[in-house]
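Subject: Handover of a structure

Dear colleague,

Please find the sequence and the structure below. My notes on what was found follow directly after them.

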Amino acid sequence: MSDTVHFQARGRTVVGCTLLVMALGAGVTACSGGDDDNPLSASPYDAAGQISFNGPTDAGKKADPDKPLEVVAEGADGRITDVTAMDAAGRYVAGELSADGARWHSTSPLAAGARYTVRVSTEDGDGAPGRKVLTFETGRPSVKKTLGVSFGPKAGAYGVGQPITAELSQPVADPAQRAIVERALKVDSTPAVEGAWRWVDDKKLHYRPKEYWPAHATVQVRSTLDGIKIGDRMWGGTAKPLTITTDDRVVAVTDAAAHTLTVFQDGREVRKIPVTTGKPGFETRNGVKVVLGKEPFVRMRSSTVGIAEGSSESYDLPVYFATRVTWSGEYVHAAPWSVGSQGMANVSHGCVGMSTANAEWFFGAVQEGDLVEVVNSGGETMEPFGNGFGDWNLDWNKWRTGSALSGGASNGQSTGEQARLRPQSV
């Protein structure tokens, strides 16, 4: 039997349009809409005899999810007026109806291994309404790659600056395929905020709100990609959902010119600390950084960042209460050797140094996702990607250009270059 099924029209022709019809229940018949003189007052009649669609009708046979769905109105006097198609998971299939109502075709991919319900509305030449509900199932593609998604960070409580990350198991470079992936990555927060994904590279996306997350928010992340066709032989796989919460809004502002670090909690100043930042040639990066982690003890050696042992700038020191803000070695930490310069001069190799007592307090006051902002330094601006979370250093309009769903979407390349290693401060 052919995979394209045609139904012969009755006296009146009505077209049934379906969002995704690929398989139809056997034994569909068309019947009259009633004998009322006014066709618009008649109950909708079974319009199956006035439509055709490219799906199998044999019992047990499943539709190929790799093929788009097409519904056609049979005859010259009827037309399709509306089509909706949805799978059992509640996912709608997008479609496009021709201007004359003669043909509808799907414009978004079908899921594999899914059951669909398609509701078709038609009208004949006299305006009488027709209806038909169709169900079908899709099979599994014979050869495919599965695109897995892993969300980050791990579940827990974070500061209001924590971005959401999505790591893909396969690279996705095509803009249309990226749009399919991005549309299926759902982020919901309570309270609700405006936010967007941005492609960092072919396998990684970051999500952040327009502004920082609200304090004490709940953020839920999930994927609806499972079974969805993304590209040639690539289909979406399952993804473990993620829930995080935010705590108080904690922002630490380091003024390199004033040699102070001021901690604000929910907008209220709670502590001002004298500090030292990067000296000339090793200036601390300006901009907003997100706390990446806390390390009670770190051995800092200049040789790990390219400073030759025995040179005038070399060091090898034990460092306590180290709060990391970049992967290349920038911390807020205890620096008892520079207490005489703290609050007065910048003498470090790029980190923010303070007394041991202040560093211990700061270490206990912040957590991952809290914000450390540096102003009035001679250093470059923190990289958006590749050296930690510099996401907040892109304004909202620039951020949105990295979305595959934005009209100004870029090719997804990072706006920052590979992180440049810089000496750790002492």
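The protein chain has an accessible surface of about 18800 Å², and 48% of that surface belongs to carbon and sulfur atoms; such areas come from the Shrake-Rupley method with a 1.4 Å probe, and for residues only the protein chains shown count as cover. The model is a predicted one: local features need pLDDT of at least 70, side-chain atom pairs count only at pLDDT 80 or more, and totals for chains, interfaces and linings use all residues. Residues are numbered from 1 along each chain as its sequence is written, and side-chain values use heavy atoms, with hydrogens and water left out.

Overall composition

The protein chain holds 3 helices and 28 strands. Both kinds of element are DSSP runs numbered from the N terminus, helices being H or I with at least four residues and strands being E with at least two. Of the 426 residues in the chain, 49% are buried (buried means under 20% relative accessible area, exposed over 50%, and partly exposed in between, with a 1.4 Å probe and protein chains only). Among contacts with a separation of 6 or more, 70% are between residues 24 or more positions apart; a contact means heavy atoms within 4.5 Å.

Nonpolar cores

In soluble globular proteins, nonpolar side chains tend to be buried together. The largest nonpolar core in this chain has 54 residues, and Val-181, Leu-185, Trp-197 and Leu-225 have the most contacts inside it. A nonpolar core is a set of buried Ala, Val, Leu, Ile, Met, Phe, Trp, Tyr and Cys residues joined through side-chain atoms within 4.5 Å. Leaving out residues up to four places away in sequence, Leu-225 touches Val-181 and Leu-185, and its other partners include Arg-91, Leu-147, Ile-180 and Gly-237. A second, separate core has 16 residues, among them Ala-252, Val-325, Ala-334 and Val-372.

Leu-261 lies in strand E21 and is buried, at 0% relative accessibility. Not counting residues up to four places away in sequence, Leu-261 touches Ala-252, Val-332, Met-354 and Phe-362, among others.

The largest pocket

The largest pocket has a volume of about 440 Å³. Of its 19 lining residues, Tyr-92, Ser-108, Arg-183, Thr-224 and Ile-228 are the closest to its centre. On a 1 Å grid over the protein atoms alone, a pocket is an open set of points where a 1.4 Å probe fits, with protein on both sides within 12 Å along at least five of seven lines, and lining residues have an atom within 4 Å of a point. Grid points are joined across faces, edges and corners, and the volume is the space filled by probe spheres set on the points. Helix H1 (residues 175-184) supplies the largest share of the lining, 5 residues. By type, the lining has 11 nonpolar, 3 polar and 5 charged residues; Ala, Val, Leu, Ile, Met, Phe, Trp, Tyr, Cys and Pro count as nonpolar, Asp, Glu, Lys and Arg as charged, and the others, Gly among them, as polar.

Loops and backbone details

Gln-162 is in the loop between strand E11 (156-158) and strand E12 (164-168), and at 3% relative accessibility this residue is buried. Its contacts, apart from residues up to four places away in sequence, are Pro-153, Trp-213, Val-290, Glu-368, Gly-369 and Phe-389. Pro-153, in the loop between strand E10 (149-152) and E11, is joined to Gly-152 by a cis peptide bond with omega of about 5 degrees. Another cis bond runs from Thr-190 to Pro-191, with omega near 0 degrees; Pro-191 is in the loop between strand E13 (185-190) and strand E14 (195-201).

Asp-266 is not a glycine, yet has a positive phi of about 50 degrees. This residue is in the loop between strand E21 (260-265) and strand E22 (268-274) and is partly exposed, with a relative accessible area of 44%. Asn-376, also not a glycine, has a positive phi of about 65 degrees and is exposed, at 53% relative accessibility.

Yours sincerely
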